[in-house]
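Open the model in your viewer and keep the selection panel at hand. Each stop below says what to pick and what is there.

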Amino acid sequence: MRRQLCLLAGLLACMLPAGAAMAEDFHIAIKDHRFTPTRLEVPAGVKFRLMVSNQDDTAEEFESTELDREKLVAPGKEIPVFLGPLDAGEYKFFGDFHQDTAQGVLVAK
Amino acid sequence: MLASLIVVFREVLEAGLIVGIVLAATAGVPQRGLWVSGGLIAGVLGASLLAAFAGALSSALEGVGQEVFTAAILMVAVVMLSWHVVWMGRHGRELATQARSLGRSVRVGERSLLALAAVVAIAVLREGSEVVLFLYGIAASAHEGPMAMLAGGGLGVALAAFVSYLLYRGLLVIPARHLFTATNALITLLAAGMAGQAAATLASADLVSSWGDHLWNTSRFLSENSIVGRALHALVGYSDRPSGVQVAAYGTTLVLLTALSWLTGTGHERKPAGQETASRASAR
C-alpha cells in the first residue's frame with residue numbers, strides 16, 4: 001500500500017510543471033478591436049507570460065492556432081497567457097471575436 | 001451577419017454533436033427527451049450566467065480561473081460519461097434484447113439519463129458562454145445591427161442543429177443490436193477527448209507539466225480549426241498539435257473505460273439472468 005502511495009506521489013510530482021525559470025512578462029493591449037503592438041518580440045527557449053489587457057467594452061478571445069492558445073479576455077481585464085519555451089520563429093495570433101481587425105504576431109528570437 | 005453565422009455555427013456544432021451522440025445512445029429510453037431538454041436548458045442558463053461573470057472568473061486564481069473552471073467541468077463530464085459506459089456495459093444488452101420499457105431498467109436508466117443530461121449541460125455551457133459574449137459584443141457595436149446579428153446567429157444555430165441531427169439519424173441507421181456497442185464506443189472516445197482537453201487546459205495555464213508541447217503536428221493534414229477538424233475535436237478529441245500530457249490523459253481514459261465496460265459487460269454475460277437480478281437486489 002505504502003509503495004503504491006509512493007508511486008502515486010511520484011507520478012503526481014511528475015505532473016507538476018518543471019520549475020524552469022520564468023522570463024519577464026510581456027504585454028499587449030486590445031483597443032478598438034486591435035492589438036498594440038501588433039508585432040511583439042519575445043525570447044525563444046524560455047517560459048514567459050504574455051499579459052493581454054482588454055481596454056474595450058466588449059469581450060475578446062485571444063487565440064492562436066500556432067501557439068495552441070484560446071483564452072477569453074473580459075472587458076477591462078488583463079489575463080496571463082502562459083507561453084514557451086518557443087522555438088525561434090513567428091507565431092500569429094488573433095482576436096477570435098474580431099478577426100477582421102484584431103491580428104498580431106509574436107516573433108520568438 | 002456572416003461573422004455571427006460562422007462563430008455561432010462553429011460553437012453550437014461542437015455542443016450539438018455531443019447532443020447527437022447522447023440522443024443516439026439513449027434511443028428507446030423513455031423520457032430521455034425530457035432529460036436532454038433539461039440538460040440543454042440548464043446549459044443555456046449556465047452559459048448566460050458564466051458570460052455575465054466572465055470577468056470575475058478570468059481574474060480568479062491569479063488569472064487562471066478560466067482554465068481551472070474549464071478543466072473541472074470537463075472532468076465532471078468525463079466522470080458522467082464513464083458512469084454511463086459502465087451502466088451500459090451492464091444493461092445495454094437487456095435494453096437491446098428485451099422490451100425497452102422494463103420497469104427496472106428504466107429506473108436505473110434514469111440515473112444514467114441524469115449523467116448524460118449533465119454532459120449535455122456542460123457541453124452547452126462551455127460553447128454557449130462564448131456565443132453569448134461574442135453576440136453581446138456584436139450587439140454593442142454599431143458595426144453590425146442587432147437584426148443582422150439575430151439573423152446570422154439564428155441561421156448558425158439552425159445549421160449546426162441540422163448537422164447534429166444528421167449525425168443522430170446516421171447513428172440510428174445502425175441496427176439496435178449494435179447501436180449500444182457503437183454509441184458506447186463513441187462515448188468512450190468522447191470521454192477520452194474531454195480528459196485530454198482537461199489536461200491540455202491545465203497545461204496551458206502552467207498548472208501541470210505539458211510533457212512535451214507538440215508530440216506531433218498534423219495541422220497541414222487536417223487543421224483543428226477547419227470545420228471537420230473542429231467536429232472531430234468535439235467528437236473524438238482530435239488535436240493537430242497535442243501535448244504529451246494530453247495524449248497521456250486521452251490514452252489512460254480510453255484504456256480505463258474500455259477495461260471497465262469490458263469487465264462489467266462480461267460479468268453480466270457469465271451470470272444467468274435470474275441470479276444477477278438477485279445479487280443486484282441484495283446489493284442495493
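This is a predicted model: local features need pLDDT of at least 70, side-chain atom pairs count only at pLDDT 80 or more; totals for chains, interfaces and linings use all residues.

Residues are numbered from 1 along each chain as its sequence is written, chains are lettered from A and ligands numbered from 1 in the order written, and side-chain values use heavy atoms, with hydrogens and water left out.

Now show chain A as a cartoon. Its elements are one helix and nine strands, in the order α-β-β-β-β-β-β-β-β-β from the N terminus. Helices (H or I, at least four residues) and strands (E, at least two) are DSSP runs, numbered from the N terminus.

Next, zoom to A:Pro37, in the loop between β2 (34–36) and β3 (39–42). A cis peptide bond links A:Thr36 to A:Pro37, with omega about -10°.

Jump to A:Pro85, in the loop between β7 (78–83) and β8 (89–95). The A:Gly84–A:Pro85 peptide bond is cis, with omega about -5°.

Switch to chain B. Pick B:Glu62 in helix α3 (residues 54–63). Its phi is near 55°, positive in a residue other than glycine. B:Glu62 counts as exposed because its relative accessibility is 74% (exposed is over 50%, buried under 20%, partly exposed in between; 1.4 Å probe, protein chains only).
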